[in-house]
Amino acid sequence: MTAGYGRHEVLTEVDLNLREPGLYLVLGANGSGKSTLLKVASGRLRPRQGQVRLDGVQLYRLFGDDVPYHEFVSFGAIPDSDASLLEMYRLKLEAVGRGPTLTDFLRGYDVPWTAKQFVRVRGGMLSTSEKSELLLLLGLAASPRFLFVDEVFSQCGRDVTERMTGNLQRWSNATGGLALVASTRYGGYMDVFAGCFVLSEGKLRPLPGSTGKMEAAVPLAGDPIVGADSRSRDEREVAFVFGEYFYRHQRVARDNPHFELEAVLENALLVRLKGTLDGALAYLREMGLDPVRIELMPSPSDEDSAASAESSES
């Protein structure tokens, strides 16, 4: 399939076949064509060449009620009004003519607002990440068969991202629905996705490691343990840096025998070692995670030494 605008071709020879229900993720830089891909997949933009099929039927041959109901959730549609969350919820359900009562919805999903807050909180009072989460919740409330999510996760921290992804899982498990999520960045664990892809230069490719299979070890660039003995016990902070996008086959335990997980970054883990660096690296590889680089964070003693050296030079 190819697609674009005017003389500008955005997608070239894209072939995406998602047969199983579940969550699928497309990552890519700004301007890579993620929004175009979702617009084509949802029927909002005709491809120049190729076909788009939903439930095995070509999308542009379906009309009216024959089209499987789907929702398009876009970061650009973030609400900023004086309407309360309850008013927005009711308006959404009235527009689509379907959906659960607010009470049932709050029981079925992990929602950061109570029923009383739905009455009191206004759209204009929400932060950017809260508006993103509200958009997704309104899309889920419509009970679609397919869900297309465009850049909603890019503005959210890890905790919000995990909660939003959990709600997507609840929806898919309950309805058998399929969600295609496009994002510049995704700050949560990716093992929840049935497939992950990278869109670059108009072409779509599977994200390495997204099949759940163990990948061959990636050689470390340079000496990963300069200034430290990898076999000796160390309690300093270490950053395990992964590739362009960090795919986590399994959830790394925050507290394990080898290190304490301090932060999950877009392509790295920041940890504090409990034992040896070799032990931590072996643990990660057992989890199917092979860092391309290891960065040793300066210890307080190192910083003190550097500071004293600077003062002596002056």
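Tutor: Helix H2 (residues 85-96) and helix H5 (residues 128-141) pack at an angle of about 35°, with axes 9 Å apart. This is a predicted model, where local features need pLDDT of at least 70, side-chain atom pairs count only at pLDDT 80 or more, and totals for chains, interfaces and linings use all residues. Residues are numbered from 1 along each chain as its sequence is written, and side-chain values use heavy atoms, with hydrogens and water left out.

Student: How are axes and helices defined here?

Tutor: Axes are lines fitted to C-alpha atoms, for helices over the stretch in contact, with angles from 0 to 180 degrees between N-to-C directions. Helices (H or I, at least four residues) and strands (E, at least two) are DSSP runs, numbered from the N terminus.

Student: Which residues make the contact?

Tutor: From H2 you have Leu-85, Met-88, Tyr-89, Lys-92 and Leu-93, and from H5 Leu-134, Leu-138 and Ala-141 (contact means heavy atoms within 4.5 Å). By class, that's seven nonpolar, no polar and one charged.

Student: Switching to pockets: what volume does the largest pocket have?

Tutor: About 690 Å³. A pocket is an open set of points on a 1 Å grid over the protein atoms alone, where a 1.4 Å probe fits, with protein on both sides within 12 Å along at least five of seven lines; lining residues have an atom within 4 Å of a point. The volume is the space filled by probe spheres set on the points, which are joined across faces, edges and corners.

Student: And which residues are closest to its centre?

Tutor: Of 25 lining residues, Leu-16, Asn-17, Leu-18, Arg-53 and Leu-54 are the closest. Helix H1 gives the most to the lining, three residues. The lining has 14 nonpolar, five polar and six charged residues.

Student: Where does Glu-201 sit?

Tutor: In the loop between strand S9 (195-200) and strand S10 (203-206).

Key. Nonpolar A, V, L, I, M, F, W, Y, C, P; charged D, E, K, R; others polar.
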